[in-house]
Structure formats: structure tokens, C-alpha cells
Amino acid sequence: MTISKEPLPALSRRSVVAAAGVVSLAATLAACGESEDSYDSAPADKKAPDEAEAPAGAGGAALAKTSEIPVGGGKIFKKEGVVVTQPTEGEFKAFSNRCTHKQCPVTSVEGGTINCPCHGSKFSIADGSVKASPAPKPLPAAEITVEGDSITLA
């Protein structure tokens, strides 16, 4: 085996910038991919069609006191897979906490909407309808029971 003594060609600035662009693009595409591993759940395409959209909470589980849900806002229950809102005084609603676009979990309830950080979808706290896309359909409703000052999953 012979080893060449010729010098390696120097990298041009253009090739270094192009390589950095390719790496950035790959990272961006990976972040927007189908896998939701960073959200502690199976990807939407690995779930049954109804399971991908339905809340994961167990029936009968105590969620909160009514006083913990702000009027005109709501609270996210990550473990139970639901968002409970109070659009008007004394009216409580519940929805899946998974965005209907890419199944990312929603992370905030403010300004009258339930908000997904992944691609900017927003949903109404009153009925789960889409207020800002790219979500293709409303958040699925979840069944809750309000007895006295206690809210539980139905």
C-alpha cells in the first residue's frame, strides 16, 4: 500500500457554509418530523385512529377543584391527557390535550384559546374549534363531571 504525499485540497468558504446549511436543514426537518418521543407518547401514526385523537385519562379520576380553573381560561392536565376550561362562570368544558395537526401536546391556555407550541395552532376554550391553523379539525371533547366544587373525568 502506498500513501500519497499530495496535499488535500483546502475547504472553500462556500463549501463550509453549504455544509452548515445542510446540517441546519436536517435538524429543522428532524424537529418537525412525525415522532413525538420528546412528548412522552407514541407517534400518532403508531396509534389506532381513535386513540390518536382521544384523551388518555382514566374515567373517575379527580382532576381539580372548580376554583382552580380560571374563568375565561383553563388548566392542562398532562398526565390525564386533557385540558379543562371555564369559558364563562360556572361552565366547564374538557378537551384532548393533543393538537389535531401533529399530535403535539398543547402547553398553554390564554387569551381565550388553547395553544399548541409546535406549529401555532389555537383552539377555542368554549368548543375546541380551530381558531388558528394548521390544525385540520377541532380538539376532541372529553367527558368530565362537575359535582359541587370537584371536577372528575367521567
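Two strands are said to pair if DSSP finds at least two bridges between them. In the predicted model examined here, strand β1 and strand β10 (residues 150-153) meet this condition, since they are joined in the antiparallel sense over three bridges. Within this pairing, Ala64 stands opposite Ile151 of β10. The two strands belong to an open sheet of three strands, arranged in the order β1-β10-β9 with antiparallel pairing. β1 (62-65) and β9 are the edge strands of this sheet, each pairing on one side only. On average, and with direction ignored, neighbouring strands here are turned by 25 degrees against each other. In general terms, the strands of a sheet pair through backbone hydrogen bonds, in either a parallel or an antiparallel manner.

Strand β3 (residues 82-88) pairs with β4 in the antiparallel sense over five bridges. In β4, Ala94 is the residue opposite Val84.

The cysteines were considered next. A search of the whole structure finds one disulfide. The bond is formed by Cys104 and Cys118, whose sulfur atoms lie 2.2 Å apart. The link between Cys104 and Cys118 is left-handed, with -105 degrees about the S-S bond. Cys104 lies in the loop between β4 (91-96) and β5 (108-110), and Cys118 lies in the loop between β6 (113-115) and β7 (122-124); the pair therefore ties together parts that are 14 residues apart in sequence. With a relative accessible area of 4%, Cys104 is buried, whereas Cys118, at 24%, is partly exposed.

Cys99 and Cys116 require separate mention. Cys99 is in no disulfide, and the nearest cysteine sulfur, that of Cys116, is 3.9 Å away. Cys116 likewise takes part in no disulfide, its nearest cysteine sulfur being that of Cys99 at 3.9 Å. A disulfide is counted when a pair of cysteine sulfur atoms lies within 2.5 Å. Cys99 is buried, because its relative accessibility is 2% and the limit for a buried residue is under 20%. Cys116 is also buried, with a relative accessible area of 6%.

Ser133 was examined as a position in a loop. This residue is placed in the loop between β8 (130-132) and β9 (144-147). Ser133 has a relative accessible area of 54% and is therefore exposed. Residues up to four places away in sequence being left out of the count, Ser133 touches His119, Gly120 and Ser121. Ser133 and Thr100 are separated by 33 residues in sequence, and their C-alpha atoms are 9.9 Å apart in space.

The confidence of the prediction is reported last. The protein chain has an average pLDDT of 78, and 61% of the residues score at least 70. Over residues 25-54 the pLDDT is below 50, and this stretch has 27 contacts in the model beyond near neighbours in sequence.

Key. Residues numbered from 1 in each chain as written. Predicted model: local features only at pLDDT ≥ 70, side-chain atom pairs only at ≥ 80, totals over all residues. Heavy atoms only, no water. pLDDT = per-residue confidence, 0-100. Contact = heavy atoms within 4.5 Å. Helix = DSSP H or I, 4+ residues; strand = E, 2+ residues; numbered from the N terminus. Buried < 20%, exposed > 50% of the residue type's maximum accessible area, 1.4 Å probe, protein only. Axes fitted to C-alpha atoms, helices over the stretch in contact; angles between N-to-C directions.
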